[in-house]
Each structure stands twice: as structure tokens, then as C-alpha cells.
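Let's take a walk through this one together. Keep the viewer open and follow along.

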Amino acid sequence: MTATAIITGAARGIGAATARRLTEDGWKVALLDRDALVESTAAELGANARGYVGDVASADDWERIVAAVREEFGPIDGLVSNALVTDPTPLHEMDVSSWQRQLDVNLTGTFHAVRACLPDLRRARDGRVVVVSSVHASFGLPDVPGYATTKAGLTGLTRQLAVQYGDEVRVNCVVPGPIRTAQWDRLSEEDLRQSARETVLGRLGRPEEVAGVIAFLLGDDASFMTGSTVTVDGGWSITKNSS
Ligand SMILES: NC(=O)c1ccc[n+]([C@@H]2O[C@H](COP(=O)([O-])OP(=O)(O)OC[C@H]3O[C@@H](n4cnc5c(N)ncnc54)[C@H](O)[C@@H]3O)[C@@H](O)[C@H]2O)c1
């Protein structure tokens with residue numbers, strides 16, 4: 001396949017693993033991140049990858065970057081909306097600017113991404129979008145009111161987009177469970193072991209294990225899938241401790 005995809009939040013973690021996997025599958029990839037590290041992450045992937053520094057919450061950045069990607073690689077066929085911010089703080093201690101920033105990046109960032117790429121995605125009635133949500137969309141855990149709200153919003157937005165754009169653009173959602181990325185760096189070894197025990201598989205996932213599912217949803221093998229929500233959580237969401 002010679003097609004072009006934009007991946008947001010691609011400097012590291014699941015986004016970077018997805019960019020790597022898509023280049024292996026023959027895609028040309030544009031890696032977007034607010035962190036300039038994205039340029040070296042892209043450089044490691046060779047000539048079919050390019051890094052772009054920008055903020056997914058900025059419509060101006062989207063306009064600038066989509067124009068640059070078109071110039072570099074041609075029209076956009078795929079979009080992976082993956083960037084996130086989170087502030088692990090209970091609602092009564094969270095200031096409204098932090099709440100708003102989580103909405104702006106996680107939820108409105110996807111709005112801007114889809115709006116900016118849509119003319120390209122629709123042009124050949126073969127566009128593909130993957131939205132990265134989280135198990136927090138469906139399960140209540142303490143201290144993540146902003147993050148969980150945005151992730152639940154993204155599963156709803158996925159369905160809206162799928163219905164709206166029908167056979168022009170397939171839109172699917174990935175719901176990761178605990179995946180060992182920089183998001184987990186602040187946790188102690190014991191907390192990491194505890195989180196691993198809370199999966200059926202007894203371990204945290206690797207970014208590549210989510211990237212493979214994203215690549216599948218973006219690819220031709222998922223040609224009859226749209227509006228789906230695919231869980232990649234090592235069984236985290238189907239097990240309970242109860243006697
Ligand atoms: N790691 C997990 O356990 C886990 C679990 C469930 C869901 N997820 C989801 O997977 C996705 C990727 O998570 P990850 O763990 O790889 O995160 P990560 O922290 O490794 O990478 C996130 C990237 O997003 C970038 N980013 C943040 N704000 C941005 C902005 N405004 N504009 C552009 N880029 C921005 C960061 O710079 C960073 O490079 C997220 O949507 C996250 O919610 C992750």
C-alpha cells in the first residue's frame with residue numbers, strides 16, 4: 001500500500017510505535033507532536049516518515065501541517081488521533097484551566113484533526129480514521145475526571161463520525177488498557193506490578209501491541225469495520241476480584 005497517514009502524539013509511546021508499524025506496512029507517515037523529539041523519532045523511520053511540531057488543539061497548526069504533509073507526501077488517506085494530556089487530580093482540586101486543556105487536546109484535538117483531514121479522506125471514498133480512547137471511557141477510577149470524560153467522548157465521537165461519513169471514511173476506535181509508556185514512569189515498581197496483576201495476562205502491554213491493532217483497523221483487512229470499538233487491554237476489563 002502506498003498511502004499517507006498522519007499520527008498525532010507520535011514522538012513516543014503508542015503513537016511512535018504506530019508510525020513505525022505503518023512504515024513497515026508500506027505507509028508514508030507524518031508524525032505530529034508538540035514535542036520537538038518527534039523530528040528525531042521520524043528520522044529514525046527513514047525517508048517515508050517526517051516529523052511535524054504542532055499542537056493538536058490549534059486549528060492554525062492543523063492548517064499549516066496538513067498543507068505541509070500534502071506537499072511532502074500527497075493527499076492524506078489515514079488519520080490516527082492519539083495525542084493526550086492528563087491531570088490526575090480529583091475534580092474538587094482541579095482548576096478549570098486544567099479541565100479545559102484536557103478537553104481541548106484530547107477531544108477538540110480530534111475534532112480539529114478530522115476537520116483538517118476530511119477533504120482528503122473523503123476524496124476517494126476510502127479514508128480511514130482510528131481514534132485512540134482508553135478503558136477509562138467505560139470504567140470509573142479515582143482522580144481522572146478530565147481524562148476519563150474526554151475518552152468517553154471519543155468513543156461517542158467515533159460512532160458519530162462513522163455514521164456521518166458512511167462508505168467515504170471508515171472510523172474505528174481503539175481502547176487500550178495498561179500499556180507501558182512514559183505515562184507510567186511516575187509509578188513505583190510495586191504499583192506497576194499491581195497494575196500488571198489486574199490484567200488477565202498478568203503484565204502491562206507494549207506500545208507495539210496497540211500499534212498492530214491500529215494498523216489492522218487502518219488497513220484493508222478491516223474493510224468491513226466502521227464505528228467499532230476494539231479493546232486492547234490484556235483482559236483488564238473482563239476480570240474482577242471477588243469472593
Ligand atoms: N499508556 C497507557 O496505558 C494507555 C492506556 C489507555 C489509553 N492510552 C491512550 O493511548 C494514547 C497514547 O498514549 P501513550 O501512553 O503512548 O502516551 P505518551 O505520553 O507516551 O505519548 C503521548 C504523546 O502525545 C503528545 N502530546 C501531548 N499533547 C499534545 C498536543 N497538544 N499536541 C500534540 N501532541 C501532544 C506528547 O508530547 C507525547 O509525545 C493516548 O490517547 C492515551 O490516552 C494509553
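This is a predicted model: local features need pLDDT of at least 70, side-chain atom pairs count only at pLDDT 80 or more; totals for chains, interfaces and linings use all residues.

Residues are numbered from 1 along each chain as its sequence is written, and side-chain values use heavy atoms, with hydrogens and water left out.

The ligand sits in the largest pocket. Here a pocket is an open set of points on a 1 Å grid over the protein atoms alone, where a 1.4 Å probe fits and protein lies on both sides within 12 Å along at least five of seven lines; a molecule sits in a pocket if more than half of its atoms lie within 2 Å of its grid points. Which elements give two or more residues to the shell around the ligand? They are α1 (13-24), α4 (96-123) and α5. These names come from DSSP runs numbered from the N terminus: helices are H or I with at least four residues, strands are E with at least two.

In total, 29 residues surround the ligand, and R12, D33, N82, Y147 and T181 are the closest; to be near, a residue needs a heavy atom within 4 Å of the molecule. Now for the polar contacts, meaning pairs of N or O atoms within 3.5 Å; within protein, one must be able to donate a hydrogen and the other to accept it, and residues adjacent in sequence count only if both atoms are side-chain atoms. The side chain of Y147 puts an N or O atom 2.5 Å from a ligand oxygen. N82 uses a backbone N or O atom instead, 2.7 Å from an oxygen of the ligand, and a polar backbone atom of G177 is 3.4 Å from a ligand oxygen. On its own the ligand has 830 Å² of accessible area, and the protein covers 95% of that (Shrake-Rupley method, 1.4 Å probe; for residues, only the protein chains shown count as cover).

F139 is in the loop between β5 (127-132) and α5 (145-165), while W236 is in the segment after β7 (229-232), so the pair links parts of the chain 97 residues apart. W236 is buried at 15% relative accessibility, whereas F139 is partly exposed at 27% (buried is under 20% relative accessible area, exposed over 50%, partly exposed in between, with a 1.4 Å probe and protein chains only).

Stay in the loop between β5 and α5, where you'll also find S134. S134 is buried at 4% relative accessibility, and its side chain reaches the backbone nitrogen of H136 at 2.9 Å. D143 belongs to this loop too, and is partly exposed at 39%.

Check the backbone angles while you're here. Most residues other than glycine have a negative phi. D143 has a positive phi near 75°, and R125, in the loop between α4 and β5, has one of about 50°.

How values were computed:
On a 1 Å grid over the protein atoms alone, a cavity is a set of points where a 1.4 Å probe fits but cannot get out, and a pocket is an open set with protein on both sides within 12 Å along at least five of seven lines; lining residues have an atom within 4 Å of a point.
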